[in-house]
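The sequence and structure come first, followed by notes grouped by topic.

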Amino acid sequence: MKNTFLARNPSVLVFILLLAVITLLATVFSEAYGTGLLPTNYVKILGKTLCLCLIAIAMDLVWGYCGILSLGHFAFFGLGGYMIGMWLMYARTEDIVIASMTNAALPPTPDEVRDAIGTQIFGVVGGSDVPLVWSFAHSLPIQLALVVLVPGLLALVFGWLAFRSRVTGVYLSILTQAMTLALSLYLFQNDSGLRGNNGLSGLQNIPGLTDAPQSVLSIWFMWGSALALGLGYVFAAWMVSGKFGNVVKAIRDDEARIRFLGYSVEAYKLFIFTVTAVIAAIAGAIYYPQAGIVNPAEIAPIASIYLAVWVAIGGRGRLYGAVIGAALVSLLSSWFTGGQAPDLPLGFYTVQWVDWWQVLLGLSFVLVTLFAPRGIAGMFDRLVRKDAA
Amino acid sequence: MLRPILIAAFLIATSPIFALAQDSSAETGAASVSEEVIVDATPETPTALGPLQAILQEHRNEVAKASRRTVDEVIDAVRAAKLPQGLTFLERWGDRELWQREEDGLFFFTEKADGQDLTLIDIDTGEAVGTISKGDIKQLKPNSGVRTVIASSLVASQLEDPDPARRRQALDAIERRAEKEHLEPLRASIETEEDPAIKARKERLLRVITISFGQTTETRVDAIRSFSQDLSLDARAALNPLVVTRIGYSEGEPEGVNVARTLTPGKDISREVAYKLLVDDEKAIAARTRAERKAALEANIEDGTVGGVPVSELSSQEARDRAYSSLVDEGKAPPFVTDETMDAELAKYTFYEAYADSNAEVTTAAAETLDSIDQYVGLNRFFSLVLDGLSLASIYFLAAIGLAITFGVMGVINMAHGEFIMIGAYTGYVVQQIIPNYTVSILVALPLAFVIAAAAGIALERLVIRHLASRPLETLLATFGVSIALQQIAKNVFGTQARPLTSPSWLDGAWVINDVVAVSYIRIAIFVLALVFFALLLFVLNRTRLGLEVRAVTQNPRMASSMGINPDRINMLTFGLGSGIAGIAGVAIGLFAKVTSELGQAYIVQSFMTVVVGGVGNIWGTLAGATMIGFLQKVIEFFNPSNTLAAQTYMIIFIIIFIQFRPKGIIALKGRAAGD
């Protein structure tokens, strides 16, 4: 069985190997465990990029394999970040509050600690009570479970509603975009209980690990991200290569025909939609402790569209394509917008990439859709096949 | 202009003055004064003095060193003499134009003469009576309090001033700050009023001030009741102070107060709040809240223990309660007030809400009238809501109709549609930079925006969308690429700051129906524009050859093509039409919203919603969708006015649920036309 799986997915071994090599190299050159050639900042970018690759795999599953162009998966990503962020923020604030109360005349009661945490966290939005949604924020296991449950449940309910009324194609894309917009607008409110547009911050400080410097934490998180990505890749490859995968791909190609063959198309779609939402949420839960802050702007519809862009540029329907697209575009994007890219003098006009990167991205996206509908991975495939032939 | 009005707003005058003021102003015609009268009026002064001068000399000190307390005396005296020049004198005195000769204490007006000299003007006759050096005469500068009193005494006479502007000024002054003394002169001035508008205003104002200052309860109640259908703010402002309440309590039945309602602790008033009232008056013990008890504990720490309990153990409420009760036993703290004792204390008293005004008939009438006004205001708010919804719907209609047409005909969603709106808005901005006349520039901008946006749309269709036929999802993403590129280009060209698109002055302001309902002219114009385009599109699609072909391609492109219609050409033309209308919508939106590169983004999702809800490829569907979404948004905002974000969230959730029941929109294509 193992053999057949690998035989059907030759890319898995290569991918795992490459991933391990990259992560090891980064560790060897890191500040914490190696020569210090690679600054902690870059380690963090690498770790975050691995998370983005993971959500790109989820997007590829739902769009590239099942044909559902979801413009809402970044919302699940953000929700995962919010869920883990609640614990990070609460537990850290609790430590700070207890430390500051040791000098008080009377030792604090649990209620007093809770009130002080409430004031500390929600002071910025003019509140002092800990809202109901934070009921479990003190417990890491419960919040970890919520990382999976909340986005999973949202995807389940939304998907059930959407698929049972046979909303398909462009309509479904618009509907998922509406869901994302509704969620981000909801989180933007101050009384949503999640600190409005301030979002959750200070997530890079891990409670209980306050002594560990960021350079060490960044390496750990990079390994965590790499592990999650590797597992996600294997899982996705396993899912799409079996019989299940064939049905899913068939749904993408001709939904009506599969329905007539007796398959419950809606159940398959719902399953894929929910599972990918959970993968996205897990990716988000690993991403945001490295990013340090999660706010509603991250969930805005545009982010989900970019996600689709990555997958399209990388190549849909190929898991490594999604990974290539996400890594390439997000790294290029941070290189260009970070101001490191050299200006391009044209004589009459100097192109500053900070201003023109978006234009380049938009146009290259149009070109890719027009001339290379299978993305970078498609071109790669063509090369390989030419060599074979 | 403003100062005398403001001064008059702080009127302190007496009613006889007003009555007299009318007499004297009535006699203004007979200006000349006979010398004999003076002698009779003031026998002990020299005959050279005019009658007014004589009166003032009697009150020489009060005039020269006028204070707020004494000035009434002077005004009364001047008024009592019923002299026509009295009014002029009061006005000029208030304007600091009165001078006193130091030599004999006589009062004069002055005019500038040669050099340092001043021409003396007799205050009675208004004639020049000589010159004087500036050093020998003193200008009187009454302080602002005195000037206020003087101005208020003038209001009554201004009410009957022959100049309508002055009469309106006087009414403004009363409206700003009414006094009891205004009631009678105002009533008296109504009969002789000739200007119907001012007369109506006077009558209304009389009723407003009767509410507060009417002499009998019946007149006040009548005045109050007369406002039950009135929406204006001044009526409510006059009524509201009457129904101000405060919370009080009494042992047994409340006496000597005008009770609005009695309050049951725990129901109408929280028990804690009621108890706090008692504590504040020291009628009950304070040891109620945790913070209060904690303070008592902290005050009694001895050798690391409180009441025998070690401090380190006090990290739970239970341990703290134990320590506190031992403190109580030692008599070091007041007993803890349990819920039972609190209820027992509260039961001793009757809590009530009492009106500040002691007249029960008036307060009842005021409360009822305010209720009735509130209902009427609610009705008008609803009407206003309908207008708001209509206006928003017309904006959504304009923004979405182009999208709906292209979606219907070609089955593709154009994500760059928002950027065509933006292109339209920037076209308007650029045209205004070239043509300074706003009216002309708008008239030029509208067709130009149509042409430019349509050209951009046709280019997009030819270069991108045509090549992606039958791949709708990829079209969506490709047009999204165009969208971000266009947005960034606009940002690079026009900068990130908002550019103004100024509306012509005849679109400024609003059509004010009453104090609650008002619609800005821009919104009316946009509504008209939406109607025009609705009619135009209906005509084009249903009555022209092009429309026939468009409908044919919408229903079945292959069949249409076999009938000799060129779907390629139709696609291009529809795309151009849809994009052009987006450009027009951009100009319209730019008139009330700031033009930025993100302008299109703000409307694109709502436009999608409109199309999805309304149904594809049908103008009536878009109209229905826009109406529904516009009204829905306004209704949700109405129920939750402080939170427009929540309103949008709920609206989107509602739409997601709505799609469950009508997956193809309100107006769906039926039969073979509906085939994918």
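**Sheet and helix pair in chain B**

In this predicted model, three strands of chain B form an open sheet in the order β6-β10-β7, with antiparallel pairing. The sheet is edged by β6 (245-251) and β7 (258-263) of chain B, each of which pairs on one side only. From one strand to the next, the twist averages 35°.

**Strand pairing**

- Strands of a sheet pair through backbone hydrogen bonds, in either a parallel or an antiparallel sense.
- In chain B, β7(B) pairs with strand β10 (residues 349-355) in the antiparallel sense, over five bridges.
- Opposite B:Arg261 stands B:Glu353, a residue of β10(B).

**Helix packing**

- Helix α10 (residues 183-192) and helix α11 (residues 196-213), both of chain B, have axes that come within 10 Å and cross at roughly 155°.
- Because angles over 145 degrees count as roughly antiparallel, that crossing makes α10(B) roughly antiparallel to α11(B).
- The crossing in which α10(B) passes α11(B) is left-handed.

**Residues between the helices**

- On the α10(B) side, the contact is made by B:Leu183, B:Leu186, B:Arg187, B:Ser189 and B:Ile190.
- These meet residues of α11(B), namely B:Lys199, B:Lys202, B:Glu203, B:Leu205, B:Leu206, B:Ile209, B:Thr210 and B:Phe213.
- By class, the residues of the contact of α10(B) with α11(B) comprise seven nonpolar, two polar and four charged.

Notes: Residues numbered from 1 in each chain as written. Chains lettered and ligands numbered in written order. Predicted model: local features only at pLDDT ≥ 70, side-chain atom pairs only at ≥ 80, totals over all residues. Axes fitted to C-alpha atoms, helices over the stretch in contact; angles between N-to-C directions. Helix = DSSP H or I, 4+ residues; strand = E, 2+ residues; numbered from the N terminus. Parallel < 35°, antiparallel > 145°, perpendicular 65-115°, else oblique. Left-handed = near helix turned anticlockwise from the far one by under 90°. Contact = placed C-beta atoms within 7 Å. Nonpolar A, V, L, I, M, F, W, Y, C, P; charged D, E, K, R; others polar. Pairing = 2+ DSSP bridges.
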